[in-house]
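Student: Could we go through this model together, starting with its sheet and then turning to the ligand?

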Amino acid sequence: MKYNFDEIIDRRGSGSVKWDFGEKLKAMGFTERFDDDTLPLFTADMDIAVPPPIVNAMHRTADQRIYGYTMAPPAYYSAVIDWFERRHNWSIRQEEIVFCPGTVHAVATAIRAFTEPGEGVIIQRPVYYPFTAEIEGNGRVVANNQMILNDEGYYSPDLEDFEKTAQKPENRLFILCNPHNPSGRIFSNTNLKELSRICAKHNVLIVADEIHGDLIRKDSEFVPLAKVADSTGHILTCTAINKTFNTAGLAATNVVISDPVLRKTFLRTLGNAMPSPFTYNAVIAAYNECEDWLEELKIYLDGTIDWVLEFLSKEMPKVKAFRPEGTYILWMDFRGYNLAAEEIRKRIYVDANVILESGTMFDPDSGSGFERVCLASPRPMIKEAFERIAAQFTE
Ligand SMILES: Cc1ncc(COP(=O)(O)O)c(C=O)c1O
């Protein structure tokens, strides 16, 4: 391997949400314990250095010595367009791309732009919980289309219930999360086509959050919704380098909106949004120069996920976990231990001193007994975390 993903970088003191804000995390209920020995494997950023071309681009930008107002230059758009053409065989045009400082920001903007207070937004739980926070925080209502879980731990969309939910006139927007966080599922082309058809039929707009779409297993395939759908006039697609290249702090999301009227409405609600010079240069470097790094990273993540699954099957066989098709997230079902959720939490967060994210955050009704872990840390750290957790579940 050309890159050393095993390197452990001390992130304490860098303002990292995961590593530096113990007291705040405790106050927010993320954990009951945080000290020098804590291994935080929760929020989805990687404890892995970004590719060298991005670091070089940051140095070049810093050396410019003036950080004034910047706009994305033509090279920015070509980098984005070429990436999606090359990697996903998806053609997008420059005028369809709207820069937005972050994906949650883009989702919140769409909620405000296309729905009124009191109206419903469809999500598929268990799902990335900031969607709920943005829906409810903006005075809208969650319309849950619960994902179906089979005995092997495999999630699929409930299309029948989806149509029933979509046809209610108060439900105006659907937030698709594909690859799906936390289950790691990639929706099949057939399901995507059907979800899109139902939404088009009932005038429901779709925000497709596809920011994990470049982080998939070697044997997986990811196809953007807008490529599969029969029409794209009702689709806004969020793409980003943030997860793929570990640059979440640079807040670089591109929303692809092919319909000009939707785009205008979205832009009006978004207001002024310009990428910082660091942000736009990171996007250009990431999409133009970091493909080999990403291919190696994917092999590394596959190896880590395989290690964890094998470890669980040997050391904690009562935990059910389905191999994620995309993302670096693992969704683990601890219900086989027949323990109260608080006891599971105490053993992991306090006794093992590892911070994960509890299932009820993603699914208040059926998430109890589940835990989400992010596996994008150096493998030695992941191994230590799982060894510590297993030591608490010896029965
Ligand atoms: C599905 C999904 N959407 C959005 C985000 C956040 O993206 P951003 O940092 O661009 O707001 C995350 C981060 O974990 C995520 O998993």
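Student: In what order do the 7 strands of the open sheet run?

Tutor: This is a predicted model, in which local features need pLDDT of at least 70, side-chain atom pairs count only at pLDDT 80 or more, and totals for chains, interfaces and linings use all residues. Residues are numbered from 1 along each chain as its sequence is written, and side-chain values use heavy atoms, with hydrogens and water left out. Strands are DSSP runs of E with at least two residues, numbered from the N terminus, and two of them pair if DSSP finds at least two bridges between them. The pairing is mixed, and the order is β2-β10-β9-β8-β7-β3-β4.

Student: Which are the edge strands?

Tutor: An edge strand here pairs on one side only. That applies to β2 (97-100) and β4 (141-144).

Student: Which residue in β4 stands opposite isoleucine 123?

Tutor: Strand β3, residues 120-123, runs parallel to β4 and is joined to it by 4 bridges. Opposite isoleucine 123 stands asparagine 144.

Student: How far from an oxygen atom of the ligand does a polar side-chain atom of asparagine 181 lie?

Tutor: Polar contacts are pairs of N or O atoms within 3.5 Å; within protein, one must be able to donate a hydrogen and the other to accept it, and residues adjacent in sequence count only if both atoms are side-chain atoms. For valine 104, a polar backbone atom is 3.0 Å from a ligand oxygen, and for asparagine 242 a polar side-chain atom lies 2.9 Å from one. For asparagine 181, the side-chain distance is 2.8 Å.
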